[in-house]
Amino acid sequence: MAQLELIHISKSFNEMTAVQDFNLAVEAGEFISFLGPSGCGKTTTLRMVAGFEIPTSGVIQLDGMDLTPLPPNRRNMGMVFQSYALFPNMTAAQNVGYGLRVAGKPRVEIEQRVIEMLDLIQMHDFAERYPNQLSGGQQQRLALARALAIKPRVLLLDEPLSALDAKIRLELRQEIRRIQRQLGITTIYVTHDQEEALSLSDRIVIMRRGVIEQVGTPQQIYNFPASDFVAEFVGHINLLPVEVVQADAGVVRLGSQVVRAGQFGHLNGRPVRLAVRPEELKAGSVEGANNLTGMIESVTYLGAIVRIRVDVDGQLVSLDMFNERSLEIPVVGQPFHVNFPVEACWLTNGVKN
Amino acid sequence: MKKKNNPWAIFWAVLAMLYFFVPMLGTFIFSLRMKRGVLSFLAYQSVLSDANFLRSFRYSATMGVVTVIVSVVLLLPSVYWIYIKAPKMKPVMEIISILPFVIPVIVLVFGLIRTFGRPPFQLTLSSFGTDVLIAAGYVIISMPYMYRAIDVGMRSMDVRTLTEAAQNLGSNWFQVLTLVILPNLRIAILSGALICFATVMGELILGDFLVRPALGSYMAGVGRSKAYEPAALAIISYGLTWLCLGLIQYFSRGRSQQQLTGR
Amino acid sequence: MIAGQNKRIHGKGQAGWKTWIGLLPFFLFITFFLVMPSLTLFSGAFQDAEGRFTLANFSFLENTFALKSYLTSIWVSLTTSLIGGIFGFFVAYATTSSRAPRWMSNILSTFSGLAANFGGVPLAFAFIATLGRTGFITALLKGVCFNGADGAAICPFNPYDHGFNLYSAAGLILAYTYFQFPLMVLTITPALEGLKKEWSEASANLGSNSAQYWRYVALPVLLPSLLGATILLFGNAFGAYATAQALTGGSIYLVTIMIGQQIRGDVLGNPNEGYALAFGMVIIMSLTIVLYILLQRKTARWLKL
């Protein structure tokens, strides 16, 4: 049985629907990310789990018990906030010990637990510092330790890294994953950063306008997006308008050039587009693959990769090449050949599969 | 997100509103009772037709304007200077700006009289000299408010960059101050000025002890001799404070409130 | 352009007279009209009539009359700053975070601005007109019947027959509260608004109830602001003169009233003793500020880096 279950959860503020019919079963020890653009309802859903918002309808169950009537302070869920929300008047150690202190735990037990937690986040040297004497990254690690100190049944993280610098973000991301694995704690992680979601999660929930678009492992989400929205939101993708040549074989025409798609549904009526990730495209022509010819429109050098846009009969096609020292960067305006395997692309007509 | 109103909050809010309104309402009704048996504006007529009231009102209003001008001329360049040239002096300025709080008005006026009422100054011998002394006192009393208004205004704009931009375009110090800084500080100076003005209008001690016909002394005199006119004066005074605050609010919509006078 | 940059480097590098010159008019003014008068009083406080150094002027501390005025002033200021402070805190609490209906909050914040600035003589007039012997409320109460302790109806009810007197310290406290609590509302509201919603949420999330949140988080965070506001209120009342003078006609002996009478006619019989009295006020105000700074340093260690 799943540890945490959200069953037909809906939430509306006045007339506005924030979350609609949200269903999810989270297994014990699982790391789940809620990913979506701002305003998609991911934070609201998290806050309903924490008890700060009350669902308009639906039930939240933890180990089969209904949580809905419980106030936040009796749910035993550890939450980490985007703004850290550390208590400014308490030292690092006092912050970590706060949950145990208000629970009336004996002093010795609190001290032990605080040391244990500070060791976990490698901040034992900072026990007597106040939050404003710590860097953003340290503060957020402390907030994590504080949330974990009460041995919560579920760990909730609300965009914990978005206030931090890129480099610290990367470090802390790995640390969160390490600690989560070490403790085996069920975790819900809200983010708008797809890279965080892809790198951290066991499963990702993609949300849009209060509705779940897709639930799946990072690979499922990235390689087999359930909708155009998911395909475009996670990673880069070419979505090229095409003309259907042979509907039952997935053969289409891009401008004047014929392409065969590996996956296609019922292409009834609506305009059809060819979807293929830029990294699937290679320079040159290959027998048996899809081949396109066009003119180089622009070249963007990004360090590790080089993004090239090719004008194929009026459509812009992006392809990513890995950088090498010996790489000859193509010149704008020159003719260019690209190829990609049939299995790498699919056809979509905008209807959710 | 609709929150339920907290019953305790409503209790305190209602209590506070009673504290505000009961004396106000009581005073207003009392002020209408000069004529036995009927409600009338007789007390107001009596006050407004009193030549002494008009004289003291005019005197205090004039002093108010003088105080505002002196305050601005004195403080604006100084605060600007601190922002541009001597940021290290800011703590000193902050301390000076709370001095009038440490030295109560009654102590200040005592010192002013004993210092300038004797040789070599002997300012209190002529009424003009006394007025100079009073105006100086008003400037000191209202300094914390004027300083804070200007300081807040300067902080909200990037004085240094603006100055450098103006200099870069070829203006001299005076032009920077009058063409760039002053227009951007209009609202801050205006609210500071209204605070100054209201302070002067409500002030009792300086006018009373230096024996000049200020509004405060006039009111105190009426309070000693009449029954209903003081109530009418209180309402008029309410109205005046209200007007100053209303103007500040109007000119600085959305900004934070400020306290007007010291007592 | 280059000249402008040079000026800046000069201004920063040379800390000497050049940084002072722009402030000269201001400092001259302050010296003349604030520092010199204060020094006159301070030096006078330590001199006898012939200008010799003495501590005799402070013998008023043995004079029960003058000493009592200090005690009365401190008592009135302390009481009104505590009553006004606590009341004002609750009102500010009610008006933030939409705890009370919005229209109430709007009225209260507007009137706090008004009432905090409404003092002096007119305030005394307002209270006399409302609660004085013939005041509006007094007159109303005289028409109301009350059941006395023995069950007998008391009619009419005159509060002045039951221990109330506006022209006393109690009346003064009542009147001062009219400007004290709104001043508290104005000064503490920004601090209350500075309490982050996330703190209370984090606290609840960690299992605390609302009383624990206030005890361990909100009040400690607010403490420096609360202290500062209370000190401001104390000074506000301590230096007040006009309201007391107009309300009681000088029959209540506050230090300010004593000094006023000393300016007018040397009631102490020794001009230098008046200086000592005024000097004492400044000392008390300075001590208050120092106390405040010390307390703030202690309670707000976490504020500083």
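# Chain C at a glance

Chain C contains 13 helices and two strands. Helices (H or I, at least four residues) and strands (E, at least two) are DSSP runs, numbered from the N terminus. Of the 305 residues in chain C, 45% are buried. Buried here means that 20 or more other C-beta atoms lie within 10 Å of the residue's own; exposed means 12 or fewer, and partly exposed falls in between, with C-beta atoms placed from the backbone.

Among contacts in chain C with a separation of 6 or more, 72% link residues 24 or more positions apart. Two residues are in contact if their C-beta atoms, placed from the backbone, lie within 7 Å.

# Basis of the model

This is a predicted model, in which local features need pLDDT of at least 70, side-chain atom pairs count only at pLDDT 80 or more, and totals for chains, interfaces and linings use all residues. Residues are numbered from 1 along each chain as its sequence is written, while chains are lettered from A and ligands numbered from 1 in the order in which they are written.

# Where chain C meets chain B

The contact draws on 72 residues of chain C and 71 residues of chain B. On the side of chain C that touches chain B, helix α3 (residues 24–45) of chain C gives the most, with 12 residues. That side of chain C has 48 nonpolar, 23 polar and one charged residues. In this count Ala, Val, Leu, Ile, Met, Phe, Trp, Tyr, Cys and Pro are nonpolar; Asp, Glu, Lys and Arg are charged; the others, Gly among them, are polar.

B:N5 sits in the segment before α1 of chain B. Leaving aside neighbours within four places in sequence, B:N5 is in contact with B:I10, C:R99, C:A100 and C:P101. B:N5 is partly exposed, because 16 other C-beta atoms lie within 10 Å. B:N5 and B:S127 are 122 residues apart along the chain, and their C-alpha atoms are separated by 59 Å.

# A helix pair in chain B

Two packed helices are described by the angle between their axes and the distance between the axes. In chain B, helix α1 (residues 7–31) packs on helix α12 (residues 229–251) at an angle of about 130°, with the axes 8 Å apart. Axes are lines fitted to C-alpha atoms, for helices over the stretch in contact, and angles run from 0 to 180 degrees between N-to-C directions. α1(B) and α12(B) are therefore oblique to each other. Angles under 35 degrees count as roughly parallel, over 145 as roughly antiparallel, 65 to 115 as roughly perpendicular, and the rest as oblique.

α1(B) passes α12(B) in a left-handed crossing. From α1(B), the contact uses B:M24, B:T27, B:F28, B:F30 and B:S31; from α12(B), it uses B:A231, B:A232, B:A234, B:I235 and B:Y238. By class, these residues are eight nonpolar, two polar and no charged. A crossing is left-handed if the near helix is turned anticlockwise from the far one by less than a right angle, and right-handed if clockwise.

# Chain A: overall build

Chain A has eight helices and 20 strands. Its C-alpha atoms fill a box of roughly 75 × 50 × 35 Å along the principal axes. Buried residues make up 42% of the 353 residues in chain A. Of the contacts in chain A with a separation of 6 or more, 65% join residues 24 or more positions apart.

# A four-stranded sheet in chain A

Four strands of chain A form an open sheet in the order β2-β1-β4-β5, with antiparallel pairing. β2 and β5 (65–66) of chain A stand at the edges with a single partner strand each, so one side of each has no neighbour in the sheet. Two strands pair if DSSP finds at least two bridges between them.

Strands β1 (residues 4–13) and β2 (residues 16–26) of chain A run antiparallel and are joined by seven bridges. A:I9 stands opposite A:F22 in β2(A), and A:K11 has A:V19 as its bridge partner. β1(A) and β2(A) form a hairpin with two residues between them, and A:N14 in the turn has a positive phi of about 50°.

# Positive phi in two loops of chain A

Most residues other than glycine have a negative phi. A:Y84 has a positive phi, near 70°. A:Y84 lies in the loop between β6 (77–80) and α2 (92–102) of chain A. A:Y84 counts as buried, because 24 C-beta neighbours lie inside 10 Å.

A:R209 also has a positive phi, near 50°. A:R209 is in the loop between β9 (203–208) and β10 (211–216) of chain A. With 15 C-beta neighbours inside 10 Å, A:R209 counts as partly exposed.
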